[in-house]
Amino acid sequence: MLRAAVLGSPVAHSLSPLLHTTAYAALGLTDWTYTRREVTADELAGVVAGLDESWRGLSLTMPLKEAAFDVAATVSDVARDAGAVNTLVRRTDGGWDGHNTDVAGLAGALDAALDAALAVDGHDDRATLLGSGATSRSAALALVDLGVREVRVAARNTEAAAAVVALFESHGVAAGHVPLEHWVREPGRLVVSTLPPSASTAVGALLEHDRTDLGGVTLLDVVYAEWPTPLARAAQAHGADVVSGLEMLVRQAALQVELFTGRAAPLEAMAEAARREVGA
């Protein structure tokens, strides 16, 4: 039996077991299992060291994406740039390779939601990124991949926002920090929210205060549970096209399946299972 799992804390809510087991079933991989395990950052190294050779892959959620650097024998350039490892893949020598599939998952979800005019035709290559936490760095790299050339980082934490701005600038993207409450001012063609659910109500309420027309704007909110979030609901009411974080989740999980098994992931089957689960 070959094994994989999602590790994190909390992890009971994770849809990863559903997504991976759906993929394994569709691929006929009857000798693969996928489970979940509650693991804190302090416990990660010990847990990984105790896994036998039947373990082939690990999906990592918070708060393990930074701690994983200490257990990976190698780390991909994307993961290093993002400062986050969300995937560990077993090496032939028994060690682990660290990857980040969040970046490609985000870019794929955005690319699917946007019209080709965003970067390909240079119609409007501006964007706004909400938040400056760990996920914001992956979102920044996804925006770079999409060809966005100008970004405002709207966040409360000035120091963390400066680090995200610097990441954009290192890739040739003009970026600057603005207070979070200014996010609705000239948001550009695209808004990506990496804010936790607790901030969604307050940020969405700013739309009511400013009465901003978001017609022609696409908002991707990385949250997928209890959808739509207050932010997504408010943005949609003001004319925005809204995309759930479920699309990102499915796409990054599909990439993990490919890294673990070496097989092309059944993306549509995984997406359908996820939509049924959350009632989307």
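Ala67 is located in the loop that joins β3 (55-60) to β4 (74-75); helices (H or I, at least four residues) and strands (E, at least two) are DSSP runs, numbered from the N terminus. This is a predicted model, in which local features need pLDDT of at least 70 and side-chain atom pairs count only at pLDDT 80 or more, while totals for chains, interfaces and linings use all residues. Residues are numbered from 1 along each chain as its sequence is written, and side-chain values use heavy atoms, with hydrogens and water left out.

With a relative accessible area of 17%, Ala67 is buried (under 20% relative accessible area, with exposed over 50% and partly exposed in between; 1.4 Å probe, protein chains only). Apart from its neighbours within four places in sequence, Ala67 is in contact with Ala41 and Leu44 (contact means heavy atoms within 4.5 Å).

## Helix α6

Helix α6 comprises 13 residues, 158-170, and spans 18 Å from its first C-alpha to its last, close to the 18 Å expected at 1.5 Å a residue (1.5 Å times one less than the number of residues). Its buried residues are Ala161, Val164, Val165, Leu167 and Phe168. Viewed down the axis, the buried residues of α6 fall within an arc of 155°, so they line one face of the helix; the arc is that of the directions from the helix axis to the C-beta atoms. Glu159 and Ser170, on the other side of α6, are exposed.

The elements covering the buried residues of α6 include α3 (77-82), β7 (126-130), α5 (134-146), β8 (150-154) and β9 (174-178).

## The ends of α6

At the start of α6, a side-chain oxygen of Asn157 comes within 3.2 Å of the backbone nitrogen of Glu159. Just after the helix, Gly172 adopts a positive phi of about 80°.

Methods. Polar contact = N/O pair within 3.5 Å; in protein donor to acceptor, adjacent residues only side chain to side chain.
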